[in-house]
Every structure is written in structure tokens, then in C-alpha cells.
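Please take a moment to look over the sequence and the model shown here before reading on. The report then takes up charged side chains, their surroundings and the packing of helices.

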Amino acid sequence: MASLLHTQLSQLVSRFEPSKMQLREASASQRRIRALLEAGTIGACVEDSFLIGSYARHTAIAPIDDIDIMVQVDPDHWTKGWPFRPNPLAVIATFQRAIKYRYPDNHVRKQRRSVGLLMSRRAIDVVPALATDESGVFRIPDVDEEAWLETAPQLHAEAITGINQENHGLVVPLIKLVKVWNQSLPSTARLKSFAIETIVGRLYDAYQISDLGEGLRDFYDFVVYCGPIGGPRASLRWDDDLDVSLGRFTAQAADLSGLDGNALAGVESSRCIKFVEKARINRDRIQDALDRPADANIRRQLARVFPAG
């Protein structure tokens, strides 16, 4: 039988689900730009396109204000023979011009690994990619590094889907709850949503969740366990950090795809310290809601954990 906290968390997460209208508008936006990029001169070098990111993985929360599209391209459009991979900046610049031509009234900018299109209600990131010999693995340009980096967004999505199914469909709503909480934090304490998703995925690939209340408490406590040495202490017993470190030695959350990627790459220690402390505070609030499961107390604690709710 579901606990009262589980029931109230289930009701809460439903408030943060994208509306049908938001989903329709987002779907129309991505279909239009994909169709435009597969036509005309730029279309000659496009081999495939597909959605990536939280919208594609069904882990997005309302509003859907960003959409990520990966566009598989033919490298021969830019270079033939040696080198086999074109200059990353040249590929980014080609897509920037093509998108600007199709959206002359919108702001289009070259970014480190993509081209950003800013529309009235959302931003769309177009990520050029080269196929590899390994199914599901692509290389994307990095202008700063002047290199092509391996990534596997579809494998990450498959991993999240599998973990969610193994946990009775509770992992995706838990991800959404943690994302909402993360957004409420001060900007200096927030993590990127992909990092949140990766940490939750790694935790519940190793452990089982049967109650959203206990699952949320465990997430917060695991974050504390992975925090800096000398920081807050975990309440539960954890025998493995599951390749997650929030300042214990470095900032790391190993990619669920199996590649060498790090979802916390570049995150400074001060951000980790603040994030871990916020997790400790909210672990104690959720634990109190579990210990004293009266309706009024649960509502009071959830209002403190999710002030936007």
C-alpha cells in the first residue's frame, strides 16, 4: 500500500508535467526545423536527425523551454580524404548560416558544441554529429578543444528507460521531482539537469525504489555521502559511490551510456559544497515527513522542499 508521502509526491509531480499544448507546440517546433534542415543545400549533407535531451527522454518538466536536436552529417561535405573529420568550427558555422537563412528574424548563435536558435517560447540547440562504427555512438564538435568528442545520447536514453522499468516506473517521476527542487536552489548551488538525471540513474541502477518518499530521501542521503570529506554525514549505509563524486575528490558522475563522459565535468568545488548542504537539509525534511506521516506535517515539509509547488 502506497504511503501518504508517496501519494502526495505523485500528485505534486503531476503539477510539473508539461501540458498537452506545450507538448504539441514543442513537437511542431522540432519537426519544422528538422524538415527545413533536411531540405535545400544543407540537406545534401544531412544523413539523419533525431531528438535528444530531456524532451526526448520524457524527463522534461514544465515549461518545455529548450529542445535538443542531433543532426548526423556527411563529413565529405566539408573535407575529402585526410583529415577524415572536418574542422569543428567549419561545421558549426555552416549550420549557423543555414539556420539563420531559414529563421532570419530569430537570434541564431554559434555555441561550443552546437548552434542555438532562440525562439519566442523556447530555445533549440542543433548539434551536428558524425556517425561512428559503434551503434549509438557519435562524435560531436567541440570548438574550444578543436576536436570531435564521443557521445551516446540514445544509449543514455535507453539506460534511463530500462532503469525506470526495473523500478516500477518510479525513476522518471523522481527525476522530475529532483529537477524541480534543483531549479529552486540559488544559482550558485544548482547542477545541470543532465547531471541530476545521471546521478539518479546511477543510484537506482544499483538500488531499488518502491516508494517516492523513501526514494527521494535516499537520493538526498546518497548526495551527502558523495560530498566533500569533512562535510555533512550520510544517515544510511552506503558501500559504493557508484562513480559519483560531489567534491569528495573531484566532481564526477559517470555517463550512463558506458562511455567515458562525466556529467559533472567542470563543476567547481564550491558549487558541490552548496548543493550537498541543500541536499542534507532536505533529506532531514523528507525524513521528518516519513517519521511523522500526518497529512499536515507532510504538506508543511513538502512546501519547504518544493517552494515552487
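Glu-150 is partly exposed, with a relative accessible area of 44%, where buried means under 20%, exposed over 50% and partly exposed anything in between, with a 1.4 Å probe and protein chains only. This is a predicted model, in which local features need pLDDT of at least 70 and side-chain atom pairs pLDDT 80 or more, while totals for chains, interfaces and linings use all residues. Residues are numbered from 1 along each chain as its sequence is written, and side-chain values rest on heavy atoms, with hydrogens and water left out.

A search of the whole structure finds 20 salt bridges, a salt bridge being a side-chain nitrogen of Lys or Arg within 4 Å of a carboxyl oxygen of Asp or Glu. In one of them Glu-150 pairs with Arg-139, their closest N and O atoms lying 3.7 Å apart. This pair links distant parts of the chain, since Arg-139 belongs to strand β6 (residues 138-142) and Glu-150 to strand β7 (residues 147-151), 11 residues apart; helices (H or I, at least four residues) and strands (E, at least two) are DSSP runs numbered from the N terminus.

Another salt bridge joins Glu-197 to Lys-179, with 3.3 Å between the closest N and O atoms. Here too distant parts of the chain are linked, Glu-197 sitting in helix α8 (residues 193-206) and Lys-179 in helix α7 (residues 171-183), 18 residues apart. Arg-217 and Asp-218 form a further salt bridge, their closest N and O atoms being 2.5 Å apart. The partners in these two pairs are listed below.

| Residue | Relative accessible area | Class |
|---|---|---|
| Glu-197 | 0% | buried |
| Lys-179 | 5% | buried |
| Arg-217 | 13% | buried |
| Asp-218 | 17% | buried |

Salt bridges with shared partners also join Arg-112, Arg-113, Asp-142, Asp-144 and Glu-145 into one network.

Helix α8 packs against helix α9 (residues 212-225) at an angle of about 110 degrees, with the axes 11 Å apart; axes are lines fitted to C-alpha atoms, for helices over the stretch in contact, and angles run from 0 to 180 degrees between N-to-C directions. α8 is therefore roughly perpendicular to α9, a term covering 65 to 115 degrees, whereas angles under 35 count as roughly parallel, over 145 as roughly antiparallel and the rest as oblique. Ile-199, Val-200, Leu-203 and Tyr-204 of α8 meet Glu-214, Gly-215, Asp-218, Phe-219 and Phe-222 of α9, contact meaning heavy atoms within 4.5 Å. The residues of this contact divide into six nonpolar, one polar and two charged, with Ala, Val, Leu, Ile, Met, Phe, Trp, Tyr, Cys and Pro counted as nonpolar, Asp, Glu, Lys and Arg as charged, and the others, Gly among them, as polar.
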